[in-house]
Amino acid sequence: MASAQLPSPASLASLADPPTRQIDGAAMEYFLIEMKKIEVEMTEAGLIPPPAAVPSSLKKDNARDSVTSLVSSKAGKGTLDDDEEPVRQRLEVIGMHVGANFSERLCRDRAMFSETLDVIKFVCKDVWAACWDKQVDNLRTNHRGVYVLQDNAFKPITRLSSWESRADAMKRARIYAAMPAGIIRGVLSRLGYQASVVPEITSMPQCTFQVKLPKGS
């Protein structure tokens, strides 16, 4: 009697529904946890000031200030303090390392990109879907090397909140956006584009990334 031949792991992966992912879905949560640990370490070392105490009246009388309800573009216009800049830089470097290596796996079976716009679309579709379970909601460009990627419900900041104020929640969200900005830079760097990536958050949980490529790219 002839024995049945089992399908190879590769063929099983191709039949998976939903398709297999290239990154752990909880990876971003782990990185956010690590970021909080770094924040505590820097506070204990005196590099950044400790968070202000929450008034007891605020805890009892007022509901928690959820950042997901922010709609005013005037809120949270302040930038990061100088003491928080090292945290942002470290997270961005981690993101660049992740993005550079991650892009190799996503591009393994793809042909080389012939146009810069194709590279940006690859970031908006493939990278975004693999990292944050969706595609970019809006892509704009001035056709001179500047691209604006907008996500109306950016997953890393959808559940952020602060007892202190909406502005404080917005400020912390900018730190959380540092690693995703690094991922975008890392992907582009590995594909041969040395770009600057600047995240901007004006209305939670929307997040916009401005990608600026050097002239002639």
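Guide: Here is how some of the terms apply to this model.

Guide: This is a predicted model, where local features need pLDDT of at least 70, side-chain atom pairs count only at pLDDT 80 or more, and totals for chains, interfaces and linings use all residues. Residues are numbered from 1 along each chain as its sequence is written, and side-chain values use heavy atoms, with hydrogens and water left out.

Visitor: What makes β3 and β4 a pair?

Guide: Strands are DSSP runs of E with at least two residues, and helices are runs of H or I with at least four, numbered from the N terminus. Two strands pair if DSSP finds at least two bridges between them. Strands β3 (residues 196-200) and β4 (residues 207-212) share five bridges and run antiparallel, so they pass the definition. One example is Pro199, whose bridge partner in β4 is Phe209. A hairpin of six residues links β3 to β4.

Visitor: And which strand pairs with β4 over six bridges?

Guide: That's β2 (residues 146-151), again antiparallel; Tyr147 has Val211 in β4 as its bridge partner. The whole open sheet has four strands in the order β1-β2-β4-β3.

Visitor: Why are β1 and β3 called edge strands?

Guide: Each of β1 (138-141) and β3 pairs on one side only. From one strand to the next, the twist averages 20 degrees.

Visitor: How do you know whether Ser203 is buried or exposed?

Guide: Ser203 sits in the loop between β3 and β4. Buried means under 20% relative accessible area, exposed over 50%, and partly exposed in between, using a 1.4 Å probe and protein chains only. Ser203 has 17% relative accessibility, so it counts as buried.

Visitor: Why is α6 described as largely enclosed?

Guide: Eight of the 11 residues of α6 (residues 166-176) are buried, so the rest of the structure largely encloses this helix. Among the buried ones are Asp168, Met170 and Tyr176.

Visitor: What makes α6 and α7 roughly parallel?

Guide: Their axes come within 4 Å and cross at roughly 30 degrees. Axes are lines fitted to C-alpha atoms, for helices over the stretch in contact, and angles run from 0 to 180 degrees between N-to-C directions. Under 35 degrees counts as roughly parallel, over 145 as roughly antiparallel, 65 to 115 as roughly perpendicular, and the rest as oblique. So α6 and α7 are roughly parallel to each other.
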